[in-house]
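Have the sequence open alongside.

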Amino acid sequence: MAEIVKSESEGRYTPAEIEPKWQARWDSDPTLYAAEAHEIGKPKFYCIEMLPYPSGQLHMGHVRNYAIGDALARFMWMRGANVLHPMGWDAFGLPAENAALKNNTPPAEWTLANIAAMRQQMRRMGLSYDWATEVTTCLPEYYRWNQWFFLQMFKAGLAYRKKSKVNWCSECQTVLANEQVIDGKCWRHDDTLVEQRDLTQWFLRITKYADELQSGLDKMEGWPEKVRTMQRNWIGRSEGTLVDFVVAASEQSVQKIIVFTTRVDTIFGATSIQLSPEHPIAKSFAENNPVLAGQIEEMLAQQKAAREAGDLGAIEKHGVPTGKFAISPFNGELLPIWVANYILSDYGTGAIMSVPAHDERDFEFATKYGLTVRRVIAPKKATDEAPTLPFVEKDDAVLVNSGQWTGESCAEAQKHMAAFAKKNKFGMATTTYRLKDWGVSRQRYWGTPIPMVYCTNGHAGVEGNAAVDPGGVVALPESALPVLLPAQVEITQKGGSPLGRVEDFVNTTCPVCGGPALRETDTMDTFVDSSWYFYRYTDAKNSAAPFDSAKANYWFPIDQYIGGVEHAILHLIYSRFWTKVMRDLGLINNDEPAARLFTQGMVIKDGAKMSKSKGNVVSPDLMIERYGADATRMYALFAAPPDRDLEWLEEGVGGISRFLGRVYRLTTKFSEFARQQGSETVPNAAEAKLLRTLHQTIAKITEDFSGRWHFNTSIAAIMILVNEIAAAETLMDEGKISGAVIAEIFRSLTQLLAPFAPFLAAELWETVGGEGVVFRAAWPVANAELAREAEMEIPVQCNGKLVTVISVPAGSDSATIQAAALADAKVAAKMEAKTVVKVIVVPGKLVNIVVK
């Protein structure tokens, strides 16, 4: 075979030449990564990675995420699936406004330039995106559908306005997002304390779907349990009882304090009622009590300071008695009413019954102020000593000192007492949620304009169904969409929304009466953009609807969604909510957006997550220049399992590059034989060894893609295969390996590399004479017979201690294994002058000889 050996220059791996050549070919074929039409009914695979914010540069954290999805998409193409693998841009947001201030560059210009740069980086990485389905959320053809959805939600009662607390910087004269508040101060003005202000905001009624969002998590087995747990905790479903406490001797009409409690079984231990400083009844008590009014103002200031410091839970507990009493409906006892700074108006009902004997927080408060502590729950098994207070056990406990419910278990009493309250019309069992409605108003320019106007004649509602209401809010008709962002806007981040200073934008007409009206100048939270973008991918150019329902119903739910665990709460809950709204609008059939979710680990450098803010970013451009795109992305998959954090080491990329060079040298050297279609013969021992390793590798990688995704071990298996090939190189040179085996080895090796190193795989596929595109060629199938080991190693023990390891033919029965073990010289020496009591054979595992 000496005549086919290449020269050193011919056998050198040069990614700087190979990769641009293939990228140019791929770019010239817009159908290369295009999905087939949904009408064909072919089994589909919808694979997407979370779309990025176009900051301008990818880093290796991005590359790892995209390399995982890209490998999976290519594998599924090779398995014959109809694959949709798109990419887009989460393009609205604060960084564009910051750049406008810093660089005097319009946000649109800055954003679109960044998109162009990042798109080019993705192409250079060889990522298999169908760019015909690209979505850019800051373009009117996308955000008009944000506005359309908002109108549908408004009509359905899911979009509404109310006052809420926001972070406010007096220097910027604008609302700040939570992430812009650093140690209680403005991120731009580190000497300015952030205030809490009440502003009227737009909200989406996500709480309508709270129960379904919670219960749906039990069916989402393809999502990590960690993410599902985080969502359960965020939604915060609590089952309990609402109880009415009537204010005694009220000077006004009957006043009821409604309390929600998860422990109605402890109500006989309630020794006070505590109200939040903002509770309406607390305010009514203060109307003619200036001392109480001053104390309430002081507690409101304490809450405000704790909110601004971002540590409301750590507030030092203070309270004041109001001098008023409430009547417990279960026993008629008068309970003193207090106002306490740790009770929040937006949590539960803003009022609690304080049961200090059975709640740690209540016990702390009662101890501080000398309030009565009364035990009403006891261990089921009586003891001589009373339990230490507070006693919070409920699963193995019973009621004491609790009237007709004394002796019942806590669970029984909760049901019976809730039923008693309902029967007597002073309460009922209910379910509450920690989840709050989604505030979507942002006093910013670079976002989707909210399609509502304020009629100066007081009209409110929608065209054709409007009422007169002072300050009325009117929804724009769908024909008025999109409401375009004005192109020329001065961004100062002072004085509220920049849109409020653009008269041509603000001044409009009411669609109901034709009179003067003012546009809403807030824009939508950018989480709106990312809540439904993956549906738009299925029909990205549709100008008549957000998407074609038939297409969406074919592709959804997403088969594999890939992104960081940091999105577990906001984005992933909002997208689930949006899916349910679209389902109820009749647009889709699915209940959840994604069947499977994968959260990849972070890329760590210098002990911290790789990010621009930490200054530890590694640019893939530099790695590509030094080692090539294939080595760069393959290292990101090899260095750690994809769900674990990866410690960045550049020398690891160099190691992968050298490995790919070895593959290139061997494949090009034997490419002439790999092109031939030799006749199959019974393999000799050397051929059988090569084929065994090949088919074991095929089986392993196929299993890895189908299940645990340990691509690091998949790549390690390819390395082992290449080592076997290199070890047999002399045999191939000498003609002792048949052309048919050489062809199978190198063609299959090239296919196995295709998901991980697509540029090199494309080059080698052409070199070995493969037809068409390598990642559309059929994935190799493992032959179980060829993969079976010729021999297996069995450890042999005497009385449980290892003596030796024997080799026996693969598949040997127990008798054969036992005979080989007893015949081994080391075993014979151990048994000398001893009697064999028993021989235990576990086929394929071990032999244990019991002697005495």
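## A loop residue and its surroundings

S328 sits in the loop between β13 and β14 (334-340). Bear in mind that this is a predicted model. Is S328 buried or exposed? With a relative accessible area of 3%, S328 is buried. The side chain of S328 makes a polar contact of 3.2 Å with that of N331. Setting aside neighbours within four places in sequence, S328 also touches F245, E333 and L335.

I327 is partly exposed, at a relative accessible area of 31%. Together with F325 and L334, I327 makes a nonpolar surface patch of about 250 Å².

Now for the charged pairs. The structure has 37 salt bridges, including these:

| Salt bridge | N to O distance |
|---|---|
| K21 and E763 | 2.6 Å |
| K21 and E766 | 3.9 Å |
| E36 and K42 | 2.8 Å |

K21 lies in helix α1 (residues 15-27) and E763 in helix α24 (residues 758-767), 742 residues apart, so this pair links distant parts of the chain. E763 is buried, with a relative accessible area of 11%, whereas K21 is partly exposed at 30%. E766, also in helix α24, is 745 residues from K21 and is partly exposed at 35%.

In the E36 and K42 pair, E36 is partly exposed at 35% and K42 is partly exposed at 27%. Elsewhere, salt bridges with shared partners tie E212, R576, K580, R583, D584, D591 and E592 into one network.

Zooming out, the domain assignment lists domain 1 (43-143 + 528-606) and domain 3 (238-432) among others. The C-alpha centres of domain 1 and domain 3 are 47 Å apart.

Note on methods: Residues numbered from 1 in each chain as written. Predicted model: local features only at pLDDT ≥ 70, side-chain atom pairs only at ≥ 80, totals over all residues. Heavy atoms only, no water. Patch = residues over 30% accessible without salt bridge, like charges linked within 9 Å, V, L, I, M, F, W, Y side chains within 5 Å. Areas by Shrake-Rupley, 256 points an atom, 1.4 Å probe, with all protein chains shown as cover. Salt bridge = Lys/Arg side-chain N within 4 Å of Asp/Glu carboxyl O. Buried < 20%, exposed > 50% of the residue type's maximum accessible area, 1.4 Å probe, protein only. Helix = DSSP H or I, 4+ residues; strand = E, 2+ residues; numbered from the N terminus. Polar contact = N/O pair within 3.5 Å; in protein donor to acceptor, adjacent residues only side chain to side chain. Contact = heavy atoms within 4.5 Å. Domains from an automatic or database assignment.
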